[in-house]
Amino acid sequence: MKPILTTRKTFLASASAAAVGTFFESRSSLAQPAPAPRWKGAANSKIKRWDVITLGNLSRNRYWGEGDAKGVRAAICTCTVIAGDNFHLLVDPSLADGEQMARELDRRTGLKPSDISAVFVTHEHGDHWAGLANFPDAKWFAGPIVANILNKTGKFKKPIEPAKEKLFDAVDVMPTPGHTAGHTSLRFDCDGKSVIAAGDAVATHDFFRGRRGYFNAVDFALSAKTMDRMAKAADIIVPGHDNYFLVE
Ligand SMILES: [Zn+2]
C-alpha cells in the first residue's frame, strides 16, 4: 500500500477546515431565538442625521423646586435640524437675534441660514418662533391650527404654510395636542431609531417621566395622553426645553 503523503500545506488546510467546522457547530448549538428588535425606527430612511442647534431651558422648573407663578430666567427652546439628501429642516427657530442664530447654526452644523430649506414651528408660543424671520429663504411650516393663529397675528413677512401629513416625503407631521390645541410635533427615522422632535408636547425629561404638562398647558389630561402616545412611537424624544433622551 502506498503511504499517504501529507504535506505541511494540505495538513494545515485540513486542520483549519476542521476548526471552522467545530466553530460553526458550537455556534449553531448555542443559537437562541432572535431577541425582539429594540428600536422602533425603519432601517431605510431618507434622514441621514439630525442635530440639536440650541439646547433649551425653561423659565421656571417645578422639578428644580421652582414655583409656577413666575419665571426666574429667560426661556430658550430646543432647536433641531433634520437633514435629508436634499433638504435641511429646522424645527423651532429659537433665537431672535439673527447673528446669534446664524452662529449657533454654524457652530453645530456648519450650515448658513440660507442652507435651511424649511422651518417648522411646533406651536404658537413666542419662544418657538422667535428666530423665524432669520430664515427668509426657507419655506415656513406649522400644523394647520398653529399656522392659522400665527398668520392672523400679522407679525410675519410671508405666510406660514399649513403642513400636510409628511414633509419632504420623510418626516411625519404628528398632531400632539394638550400643550396647545393645535400643537404638532415631527417624527422621523434615523439609524433605525424613531425620533420625535416634540416641541412643548414634552417640556423636559422630568415632565415626560411625570407625564405632566408645563404650567401653561391648555389641557393637562390630553397632554398626558399625548405623551403616552409619543412613548409608544419614539425611541428618542427631543423635548421643547431640554436635551434629547431615550424612551425607556
Ligand atoms: Zn409652549
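Modeller: Two strands pair if DSSP finds at least two bridges between them. Keep that in mind, because this is a predicted model and we will read its sheet strand by strand.

Colleague: In which sense do β5 and β6 pair?

Modeller: Strands of a sheet pair through backbone hydrogen bonds, either parallel or antiparallel. Here strand β5, residues 139-142, and β6 are parallel, with 2 bridges. Alanine 142 has proline 162 in β6 as its bridge partner.

Colleague: What is the order of the strands in the sheet?

Modeller: The order is β1-β2-β3-β4-β5-β6. This open sheet of 6 strands has mixed pairing. β1 and β6 (161-162) stand at the edges with a single partner strand each, so one side of each has no neighbour in the sheet.

Colleague: Which strands does helix α2 touch?

Modeller: Helix α2, residues 98-109, packs on the sheet and touches β1 and β2. Its direction makes about 135° with that of β1.

Colleague: How does β2 pair with β1, and over how many bridges?

Modeller: β2 and strand β1 (residues 47-54) are antiparallel, over 6 bridges. Arginine 49 stands opposite alanine 83 in β2. On to β3, residues 88-91: β2 joins this strand by 4 bridges, also antiparallel. Isoleucine 82 has leucine 89 in β3 as its bridge partner. A hairpin of 3 residues links β2 to β3.

Colleague: Is β2 enclosed or left open, and why?

Modeller: Count buried residues: 20 or more other C-beta atoms within 10 Å of a residue's own. In β2 (residues 79-84), 6 of the 6 residues are buried, so the strand is largely enclosed by the rest of the structure. Cys79, Val81 and Ala83 point one way; Thr80, Ile82 and Gly84 point the other way.

Technical notes
Residues numbered from 1 in each chain as written. Predicted model: local features only at pLDDT ≥ 70, side-chain atom pairs only at ≥ 80, totals over all residues. Buried ≥ 20, exposed ≤ 12 C-beta atoms within 10 Å, placed from the backbone. Contact = placed C-beta atoms within 7 Å. Axes fitted to C-alpha atoms, helices over the stretch in contact; angles between N-to-C directions.
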